[in-house]
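Reader: Can we go through this one together? I'll ask as things come up.
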Amino acid sequence: MTDSLRSEPAATVEPGPEPSAPDPRRWKALILLCVTSFMVILDAQIVILALPSIERELGFAAGDEQWVLSAYMLAFGGLLLFGGRLADLRGRRQMFIVGTALFLVSSLLCGLAWSAGALIGARVVQGVSAAIMAPSALAILMSMFPNGAERNKALAYWSGTGGVGATAALLIGGPITESLGWKWIFYLNVPVAVGLLVFAPVLLLESRERDKARSYDPAGALTITLGLVLLIGALVWAPSEGWTSGSVVSMLLGAVVLMGLFIVVESRAAAPLMPLRIFRSRLFVGGNLAMVFFAMTALGMSITVSAYAQHVLGHTPMQFGLGMLVMTLMTIVGAYAGQAGVTKVGFRPVAAVAIAAMGIGAFLLSQVSADGTYFGDLFPGLLVFGLGLGGGPVAAVSAALSSVDEEIAGVASGASNAAFQIGGALGAAVVSGMVVSQGGDSTVPTVMTEGFQAGFTTDVVIAVIGLCVALVLLRPPTPTHDKTSACSRTEPEGSPHRRGED
């Protein structure tokens, strides 16, 4: 398996600075791009603590309030690859602006929603906008920062702010809902989106693939989009419907068939949505698989700790949100350490240490008790878990994108984001199912606690599997000595991105 994708030089990028003259706006642009990463991840989870208020005010039927969360996840995860391809072909800055404008409108509609159906519909549109914004922003980052230490640092800040967004959703969602009302978890997006629209034309570099065919690969786009929607939908429904229910099994089978068709279509397409050669890179495959396990561990832990803190410890949403501050701060520290570590020692050590820290944090949380306290039962685990959550995605996304040609940066970025969404949905499904099966849905504190202990223990197992993936697939590539190879590429000695044949 090769760690480079430097073949098929038919496509070029325009206009762009030469490697010797990086764009002087790049660090200011990075702030804007990181805000984007923060917001799209924040909006995936910020509704969790607001769901009871939304259910009461809009009159959701019992259980249907979960669609406020699921509608966003389905649209976001299902359209990420197509959103990335649109960015590659239409222009990354142009599609970023389109996505941001749609994000602004849909956020406003979410806050103004007058019924359950209106809110769910607006959340679908919000997910579509995120599926355009996220891969466009990440592809712009790759085009503005030269490969090497600078790009590593930029990718670290990007993925670190995404991790902070995931924890900040639990930190601020409760206080906003209690003090201002649930509508404000959506209204706060509006001024942020306005700021992004004002500064994007000034700071962001336009780039696109210049392919004469300019094909959108409709067959490939349709099969992978429907396949991802069915896969994520099955994972979302599994905890409530059961893994063996007819609807879940049908969706899983449909996803497998459609993804198989996608591979067939891509192998024959003249201008494929996602060139299959991208999967020859061990770092691309390994980085995305590692991201799946990081997301599984993170989302599984978040759902379990939220339920334990509120149902057993009796925390209000505001108290729980404030209690998550320690994990948010440690996520920032972990992201900073992760970007320094990736540059100095490479992807594998950082990813391995990070997933190990998350596993240790989950193990500490698995010791919770029915008569526990925040500092005695939650604080130590959140502290350690946050460090891993900050550093792990930094290594995973840096590895996945380190060997990707710039002309397919958008769709590759979409794949990296899709890995996080699939991992998150899978982690939530698996861990939630374990919690319920062990009594987490009981009303007796001791029985509930046994369920939550089982959920945290499941997180430990997921982290161990993720550690194995990181150690096996993120090992340094073996340098090639074949100077005529289409996949060879010269890099400074000692660089963690030195490419070659595996």
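Author: One definition to start: buried means under 20% relative accessible area, exposed means over 50%, and partly exposed is in between, with a 1.4 Å probe and protein chains only. This is a predicted model, so local features need pLDDT of at least 70 and side-chain atom pairs count only at pLDDT 80 or more, while totals for chains, interfaces and linings use all residues. Residues are numbered from 1 along each chain as its sequence is written, and side-chain values use heavy atoms, with hydrogens and water left out.

Reader: Fine. How many helices and strands are there in the protein?
Author: The protein has 17 helices and zero strands. Both are DSSP runs numbered from the N terminus: H or I over at least four residues for helices, E over at least two for strands.

Reader: And how much of the protein counts as buried?
Author: 59% of its 502 residues.

Reader: Let's take α3. Why is it largely enclosed by the rest of the structure?
Author: Because 20 of the 24 residues of α3 are buried.

Reader: Where does α3 bend?
Author: At L80, by about 55°. The bend at a residue is the angle between axes fitted to the seven residues ending there and the seven starting there. Just after α3, G91 has a positive phi of about 120°.

Reader: How do α1 and α3 cross?
Author: The axes of α1 (residues 26-45) and α3 (residues 67-90) come within 8 Å and cross at roughly 140°. That makes α1 oblique to α3. Angles under 35 degrees count as roughly parallel, over 145 as roughly antiparallel, 65 to 115 as roughly perpendicular, and the rest as oblique. The axes are lines fitted to C-alpha atoms, for helices over the stretch in contact, and angles run from 0 to 180 degrees between N-to-C directions.

Reader: Which residues make that contact?
Author: V40, D43, A44 and Q45 from α1, with L69, Y72 and F76 from α3. Contact means heavy atoms within 4.5 Å. By class there are five nonpolar, one polar and one charged residues. Here Ala, Val, Leu, Ile, Met, Phe, Trp, Tyr, Cys and Pro count as nonpolar, Asp, Glu, Lys and Arg as charged, and the others, Gly among them, as polar.

Reader: What about E65, where is it found?
Author: E65 is in the loop between α2 (51-58) and α3. E65 is buried, at a relative accessible area of 12%. Leaving aside neighbours within four places in sequence, E65 contacts L51, E55 and F60.

Reader: Switching to α6. Is E150 buried or partly exposed?
Author: Partly exposed, with a relative accessible area of 26%. E150 lies in α6, and its contacts beyond four places in sequence are R26, W27 and F145.

Reader: Last one: where does R282 lie?
Author: In α11 (residues 282-311). R282 is buried, with a relative accessible area of 2%. R282 and A400 are 118 residues apart in sequence and 8.6 Å apart from C-alpha to C-alpha.
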